[in-house]
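Please read the following report alongside the sequence and the model.

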Amino acid sequence: REVTGGAISSEKGNTVPGYDFLVNSVWPEIVRGLEEKLPSLFNPGNPDAFHEKYTISMDFVRAFEQQCGSQASVRRLRAHPAYHSFNNKWNLPVYFQIRFREIAGSLEAALTGVLADAPASSPFCLLASHRTWSGLQQCWSAEMFLPGLTHRLWRLTLQLLARYSGFVHELLLRPISNESAKDIKKTLVTGSKDPSVTQGNGEDQGSGPSETKPTVSISSTQLVYVVADLDKLQEQLPELLETIKPKLEMIGFKNFSSISAALEDSQMSLSACVPALSNRIIQDLSESCFSYLKSALEVPRLYRRTNKEVPTAASSYVDSALKPFHQLQSGHKDKLKQAIIRQWLEGALSESTHKYYETVSDVLSSVRKMEESLKRLKQARKSTPTNPVGPSGGGMSDDDKIRLQLALDVEYLGEQIQKMGLVTKDIKSFSALTELVAAAKDQATA
């Protein structure tokens with residue numbers, strides 16, 4: 001090289017024109033030696049080994065180019081047939097396809113059938129969310145990323161986010177069930193044993209016999225986990241962008257605004273799922289709560305002709321009705337933002353309180369009608385009341401006991417709502433409910 005190119009000699013005029021020893025002699029021999037003596041170097045079958053060999057080889061090529069001595073020599077090297085032959089030996093599309101199958105296959109397995117929990121070390125609640133984020137990170141990790149595949153990896157990034165968003169929309173179609181053991185048995189029947197790599201095939205596999213589709217359920221806790229994971233994933237997308245930027249700079253890409261805009265679109269698609277999920281959670285909480293609050297209908301039966309003492313405490317059904325709310329607050333406070341929990345509590349309490357108001361109103365109306373009916377009966381017979389009050393009743397009629405009990409129940413409900421950190425005036429129908437039982441209580445204690 002010193003004789004033909006003057007690369008080392010201090011006498012720059014001693015170059016021999018027309019010669020480029022490194023490009024024309026050394027490089028072709030190196031390539032021929034690798035292609036003939038080490039053909040396994042280019043085998044993409046083992047993606048980890050392929051990535052390592054490719055990275056080392058490209059580092060060697062860059063180091064070799066630095067020895068060329070001039071920009072003109074580097075241009076001649078890159079235009080040399082042996083240079084193109086060497087680069088073409090690396091089958092990057094096949095390597096990417098193997099990686100694609102690894103990531104997409106792992107994700108699809110987590111999206112099929114039973115919703116498994118994420119590993120304990122994961123910031124996510126569900127395995128599906130964990131694998132989505134892991135796949136996104138893997139695309140741009142030092143162990144997988146190759147500059148020549150940047151465009152494919154970026155497309156896969158958007159596909160993973162779109163697939164997860166589609167998966168969440170699919171969950172909205174599942175019926176809510178808390179019988180987790182039963183759900184697992186059902187979903188094992190309908191779940192695919194060979195998860196598809198592509199979204200299209202996955203949809204085809206999912207469209208099996210129509211009678212098996214409705215059996216796949218989701219628990220209310222899992223719905224909460226989905227919302228928590230959606231929130232977490234959206235928070236981490238900016239971190240992903242910062243990981244991607246240096247890789248794009250490596251290939252000379254500078255239009256980061258388009259990359260940011262695309263990620264924002266994906267983020268909006270994810271956030272668009274939250275309102276529908278929240279509505280389902282609120283509905284489920286409301287139904288769980290009211291399933292106990294409707295026990296107000298049983299209050300008259302507890303006091304009519306039973307000679308029970310005057311009530312002094314709220315009924316046990318009120319505590320039972322509030323259990324789902326306490327479980328939400330205590331069990332998920334570390335996973336969800338307080339604003340989301342508050343929104344769910346207020347929404348569910350508003351719905352269940354409205355139904356409770358109608359129930360209590362019906363009971364009081366029934367009590368009043370019964371009372372009036374007995375009065376008419378008494379006047380007609382001109383005799384003593386048919387429903388005598390026992391000594392332990394303290395002189396209060398059964399109807400007044402019922403009114404007092406309902407008033408105590410509503411007062412206790414209001415106290416517990418405040419203990420949860422909520423304001424009763426934010427709960428729709430609660431003011432009307434309070435006024436309704438207050439009037440009844442006044443009548444009972446008059």
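E411 counts as partly exposed, at 36% relative accessibility, where buried means under 20% relative accessible area, exposed means over 50% and partly exposed lies in between, calculated with a 1.4 Å probe and protein chains only. The model is predicted, and for that reason local features need pLDDT of at least 70 and side-chain atom pairs count only at pLDDT 80 or more, whereas totals for chains, interfaces and linings use all residues. Residues are numbered from 1 along each chain as its sequence is written, and side-chain values use heavy atoms, with hydrogens and water left out.

E411 forms a salt bridge with K441, the closest N and O atoms being 3.0 Å apart; a salt bridge here is a side-chain nitrogen of Lys or Arg within 4 Å of a carboxyl oxygen of Asp or Glu. Because E411 lies in helix α17 (residues 398–419) and K441 in helix α18 (residues 430–445), the pair ties together parts that are 30 residues apart in sequence. Helices are DSSP runs (H or I, at least four residues), numbered from the N terminus. K441 is also partly exposed, with a relative accessible area of 26%.

| Salt bridge | Distance (N to O) |
|---|---|
| E298 and R301 | 2.9 Å |
| R342 and E346 | 3.3 Å |
| E411 and K441 | 3.0 Å |

R342 and E346 are four residues apart in helix α16 (residues 338–381), so about one helical turn separates them. R342 is partly exposed at 33% relative accessible area, while E298 is partly exposed at 38% and R301 is exposed at 56%. Elsewhere, E29, R32 and E36 are linked in a network of salt bridges.

Helix α17 also contains D400, which counts as buried at 14% relative accessibility. The side chain of D400 makes a polar contact of 2.7 Å with the side chain of R403; such a contact is a pair of N or O atoms within 3.5 Å, where, within protein, one atom must be able to donate a hydrogen and the other to accept it, and residues adjacent in sequence count only if both atoms are side-chain atoms. Leaving aside neighbours within four places in sequence, D400 is in contact (heavy atoms within 4.5 Å) with E371, Q443 and A444.

What does the nonpolar interior look like? The largest nonpolar core has 112 residues, and W27, L277, F325, W344, Y356 and L406 are those with the most contacts inside it. A nonpolar core is a set of buried Ala, Val, Leu, Ile, Met, Phe, Trp, Tyr and Cys residues joined through side-chain atoms within 4.5 Å. Helix α11 (residues 220–250) supplies the largest share of this core, 13 residues. Apart from its neighbours within four places in sequence, W344 is in contact with V224, V227, S278, I281, I282, L285, L328 and L336.

In helix α5 (residues 81–88), A82, Y83 and F86 are buried. The buried residues of α5 pack against α2 (21–37), α3 (47–66) and α4 (71–79), while the face turned away from the buried side carries the exposed residues P81 and N88.

R305 is found in the loop between α14 (299–303) and α15 (316–332) and is exposed, with a relative accessible area of 67%. S429 lies in the loop between α17 and α18 and counts as partly exposed at 23% relative accessibility.

Methods
Helices (H or I, at least four residues) and strands (E, at least two) are DSSP runs, numbered from the N terminus.
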